[in-house]
Amino acid sequence: MSQDKKKEEKTMKDDRWNTLIEPVQSWVDNFTPIDEDDEDRLEVVKLSMKRGNRSENKRHGIIKNWRTEFANEIENEEYGFNTWARKSIPKEIVIKMVKAATEETTGRKALWEKSVRKPTFSKKVGDARQLFTHPNFEHFNQHEIDRDVAAFKAIYKKGGDWDAVAPVFEVVKEDSA
């Protein structure tokens with residue numbers, strides 16, 4: 001992988017940066033230094049914010065450093081740092097998620113075999129997204145399992161019931177007069 005590609009992947013757009021620095025800004029606004037070390041800490045954080053505001057390429061490294069700098073605040077969920085906490089999903093639940101996603105394989109196989117036009121997926125190529133047809137059923141099935149598991153994890157992390165079965169949508173015809 002070229003250096004330009006690595007550098008490109010490490011940039012952070014303004015909306016993501018602004019979301020991540022909200023708790024840092026809250027900390028800066030509310031932190032009262034009690035000694036010289038605290039004053040230095042505050043100054044370093046302010047300078048890092050300035051650097052990050054100027055350069056998208058430096059933001060990833062700044063956030064990485066701040067995870068160490070604000071470890072106590074993250075752990076105690078102070079100043080809004082609760083959004084920075086890395087919440088891992090217990091292994092037993094992930095196994096159940098994979099099992100639930102894999103249980104749909106029979107239905108996917110039927111869809112694959114009955115489809116005149118095979119299912120597609122999009123992938124970013126350069127700066128644009130392109131549409132591709134799955135080369136075989138195994139590729140399609142794994143793609144769907146991965147997608148389902150990612151959706152289950154997102155629901156779980158938001159506190160939802162990832163295993164809930166959605167109600168069936170019913171279409172009711174209106175009587176015409």
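## Burial and model basis

Of the 177 residues in the chain, 25% are buried, where buried denotes under 20% relative accessible area, exposed over 50%, and partly exposed the range in between (1.4 Å probe, protein chains only). The structure is a predicted model, in which local features need pLDDT of at least 70, side-chain atom pairs count only at pLDDT 80 or more, and totals for chains, interfaces and linings use all residues. Residues are numbered from 1 along each chain as its sequence is written, and side-chain values use heavy atoms, with hydrogens and water left out.

## Overall architecture

The chain contains 8 helices and 2 strands. In sequence order, the pattern is α-α-α-α-α-α-α-β-β-α.

The radius of gyration of the chain is 23 Å, whereas a compact globule of 177 residues would have a value near 16 Å. This radius is taken over C-alpha atoms, and the globule rule is 2.2 Å times the number of residues to the power 0.38. The C-alpha trace spans about 75 × 50 × 45 Å along its principal axes. Among contacts with a separation of 6 or more, 55% are between residues 24 or more positions apart; a contact requires heavy atoms within 4.5 Å.

Glu73 belongs to helix H5 (residues 71-76). Because its relative accessibility is 7%, Glu73 counts as buried. The side chains of Glu73 and Arg41 form a polar contact of 3.2 Å. A polar contact is a pair of N or O atoms within 3.5 Å; within protein, one must be able to donate a hydrogen and the other to accept it, and residues adjacent in sequence count only if both atoms are side-chain atoms. Beyond the neighbours within four places in sequence, Glu73 is in contact with Trp27, Arg41, Glu78, Tyr79 and Phe81.

His134 is located in the loop between strand S2 (128-133) and helix H8 (137-157). With a relative accessibility of 3%, His134 is likewise classed as buried. A polar contact of 2.8 Å links the side chain of His134 to that of His139. When neighbours within four places in sequence are set aside, the residues in contact with His134 are Trp112, Pro119, Thr120, Phe121, His139, Phe140 and His143.

## Partly exposed helix residues

Thr105 is part of helix H7 (residues 105-114), and its relative accessibility of 22% makes it partly exposed. A polar atom of the Thr105 side chain lies 2.7 Å from the backbone oxygen of Thr102. Not counting residues up to four places away in sequence, Thr105 touches Phe137, Asn141 and Ile145. Arg67 is 38 residues from Thr105 in sequence, and the C-alpha to C-alpha distance between them is 40 Å.

Lys46 is in helix H3 (residues 36-54) and is partly exposed, at a relative accessible area of 37%. Lys46 and Trp17 are 29 residues apart along the chain, with their C-alpha atoms separated by 15 Å. Ile155, in helix H8, is also partly exposed, at 35% relative accessibility. Ile155 touches Gly160, Asp161 and Trp162, residues up to four places away in sequence not being counted. From Ile155 to Glu78 the C-alpha to C-alpha distance is 24 Å, for 77 residues of sequence separation.

## A loop position: Asn82

Asn82 lies in the loop between H5 and helix H6 (91-102). A relative accessibility of 33% places Asn82 in the partly exposed class. Apart from residues up to four places away in sequence, Asn82 touches Glu77 and Lys87. The C-alpha atoms of Asn82 and Arg51 are separated by 24 Å, and these residues are 31 apart along the chain.

Terms used
Helix = DSSP H or I, 4+ residues; strand = E, 2+ residues; numbered from the N terminus.
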